[in-house]
There are 2 protein chains.
Amino acid sequence: MIKSILDNSENYQPGLSIDCVIFGFHDNQLKVLLIKVPHNEQWSLPGGFIPINEDIDTAAVTVLNERTGVEGVFLRQFSTFGKIKRNENHFDNELLEYLNINPEQGKWLTRRFVTIGYYALVDFSKIFPNPINPHEIVEWIDHKEVPNLILDHREILDKALDTLRVELNLMPIGYNLLPEKFTIPELQKLYETILDKKLDRRNFLRKITNIGILKKLDEKKSNVAHKAPNLYSFDKEKYDEVLKNGLNQGW
Amino acid sequence: MIKSILDNSENYQPGLSIDCVIFGFHDNQLKVLLIKVPHNEQWSLPGGFIPINEDIDTAAVTVLNERTGVEGVFLRQFSTFGKIKRNENHFDNELLEYLNINPEQGKWLTRRFVTIGYYALVDFSKIFPNPINPHEIVEWIDHKEVPNLILDHREILDKALDTLRVELNLMPIGYNLLPEKFTIPELQKLYETILDKKLDRRNFLRKITNIGILKKLDEKKSNVAHKAPNLYSFDKEKYDEVLKNGLNQGW
DNA sequence: GCTTAATGTGTTATTATGACGCAATGTACT
DNA sequence: AGTACATTGCGTCATAATAACACATTAAGC
């Protein structure tokens, strides 16, 4: 795959890449989709290059879609990373040899790269991690247990999470991360996980329902220990309205 | 100047540029620093290219410093713009000829460019707009009277202002836009101008002083019509603390 | 049936916000 | 000099939002 890019390197934007931080929520954990390449056993964010005839946003959608098989999800550019040395020594001779790339072609890869960071919020249950080649490992990893990542991917991931924390105050987010039907405690866990902070049950309920984006369903969650919680779904129309207008006006 | 870049184009990151939206505040107006190139009488944002051996943030500081002569001001990356056609037909043959660039060299310029947007908040009174070459016009223009801009610079400007509006709710900003000593009504005008919205005098005073970043000086503004307002300055220490921790916690 | 752990629904005190009133100050005009 | 006027400084009050907490309800598991 990287071979085919190098064979047509004039069709890709040079020195520029995209990296996606794909968030999912499962078992009360915030998960991140990571990729392990077989060569050096190192984990990385799913990323890709930018076709010369594609908008960067479109290229990001492509990366996301290739890796998860989902379309039409929440995807947002959050920052661009361009320290000089961020990919210095990344593609060394050993790796180029392993990838069966000759040094001349390899030049396209070994130059200095700037990367545009996108983060995605996806419904964990609808995602099927999809290795592009059979030697690759694609896996959901709890964000608290993310191992060492290549390059500055840890910095990119941290910044994505910071952005998400800020945006939590500006817009609703659950629609993209939860299944269609969910309970208030589940939604609260999502918030608590992202913010890394306990919230009061009762105050959370009041605040979240006051936003006016929830529909209480005439249905309870089944097969649960203890009292069965009510199921809710988002009122998509109102949700989108709030998403557009923002939450806290502040001034 | 652009000639010297092309003569050393291998020393610059290809297909990637920086554009700065430089905000200042004067006469109760939010001003933007714009540049008019003599060739086609069109206005543009001050921008530049990225030396291959400079961090993108450093390159942005350079652009800002070249244009305004200021250092150490508030500068923040806010978005990266990468629509395919954003610079299509920008450097046409006519312009290349005008700039005395041969077509072969011009190829570096005519390719597809992605640009990283930065916005700066500067103290209007400390800025001396600085044309890089004598044919260039550098001017502060009221953001409400910005003329047509080249490329997608209007979109970049709008996005910068949107970002500024949001950040107003997350952090204090006056320190970078006002002179050392200022009055509360001046600060309020700044907020009103950015938000494009009237605020109540008395409520504004209460809210802004509650943040705890203002120092009331034992001095009144002189030479003003009507009652002389008190002068204030920022308590830099507390200001930086709030800047770091954020304003509204939300959740 | 009793315990346990979770959910649903309150209440109350405190704080923040929005909408005002009114006196004080200094300019401009007669 | 006296008065009108615009602007500042300081305060009030009703309402809304928030934090902290109490208690009843539900279902599972022993």
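Why does N223(A) count as exposed? With 5 C-beta neighbours inside 10 Å, N223(A) falls in the exposed class, given that a residue is exposed if 12 or fewer other C-beta atoms lie within 10 Å of its own, buried if there are 20 or more, and partly exposed in between, the C-beta atoms being placed from the backbone.

## Basis of the model

This is a predicted model, in which local features need pLDDT of at least 70 and side-chain atom pairs count only at pLDDT 80 or more, while totals for chains, interfaces and linings use all residues. Residues are numbered from 1 along each chain as its sequence is written, and chains are lettered from A and ligands numbered from 1 in the order in which they are written.

The secondary structure of chain A comprises nine helices and nine strands, where helices (H or I, at least four residues) and strands (E, at least two) are DSSP runs numbered from the N terminus. Taken along the principal axes, the C-alpha atoms of chain A fill a box of roughly 65 × 45 × 30 Å, and buried residues account for 29% of the 251 residues in the chain. Of the contacts in chain A with a separation of 6 or more, 73% join residues 24 or more positions apart; two residues are in contact if their C-beta atoms, placed from the backbone, lie within 7 Å.

Chain A is divided into domain 1 (2-167) and domain 2 (184-245), with bounds that come from an automatic or database domain assignment. The centres of these two domains, taken over C-alpha atoms, are 31 Å apart, and six residues of domain 1 are in contact with five residues of domain 2. On the domain 1 side of this contact, β2 (29-36) and α5 (153-167) of chain A are the elements that give two or more residues. The unreviewed UniProt entry annotates residues 15-165 of chain A as "domain: Nudix hydrolase"; such positions are given in the numbering used here, feature names are shortened, and annotations may be inferred rather than shown by experiment. That span is 26% helix and 32% strand, and its end C-alpha atoms lie 30 Å apart.

## Contact between the chains

In the contact between the two protein chains, 28 residues of chain A meet 28 residues of chain B. The elements of chain A that give two or more residues to its side are β1 (12-26), β5 (74-81), β6 (114-121) and α7, and β1(A) gives the most, with four residues. By class, this side of chain A has 14 nonpolar, 10 polar and four charged residues, where Ala, Val, Leu, Ile, Met, Phe, Trp, Tyr, Cys and Pro count as nonpolar, Asp, Glu, Lys and Arg as charged, and the others, Gly among them, as polar.

## Surfaces near the DNA strands

A residue is near a strand if its C-beta atom, placed from the backbone, lies within 6 Å of it. Around DNA strand C there are 16 residues, of which P185(A), R202(A), N230(A), R202(B) and K227(B) come nearest. At least two residues of this surface are supplied by each of α7 (184-195) and α8 (201-210) of chain A and α8 (201-211) of chain B, and α8(B) gives the most, with three residues. The residues near DNA strand C divide into six nonpolar, four polar and six charged.

DNA strand D is surrounded by 15 residues, the closest being R202(A), K227(A), P185(B), R202(B) and N230(B). The elements that give two or more residues to this surface are α8 of chain A and α7 (184-195) of chain B, and α8(A) provides the largest share, three residues. The classes near DNA strand D are five nonpolar, four polar and six charged.

## Local features

Helix α8(A) is hardly covered, with one buried residue among its 10 residues, and just after this helix G212(A) takes a positive phi of about 85°. The loop between β8 (214-220) and β9 (230-234) of chain A holds N223(A), whose phi is near 60°, a positive value in a residue other than glycine. H226(A) lies in the loop between β8 and β9 of chain A; its phi is positive, near 65°, and H226(A) is exposed, with 5 other C-beta atoms within 10 Å.

In chain B, I56(B), A59(B) and V63(B) are among the buried residues of α2(B), and G69(B), which follows this helix, has a positive phi near 75°.
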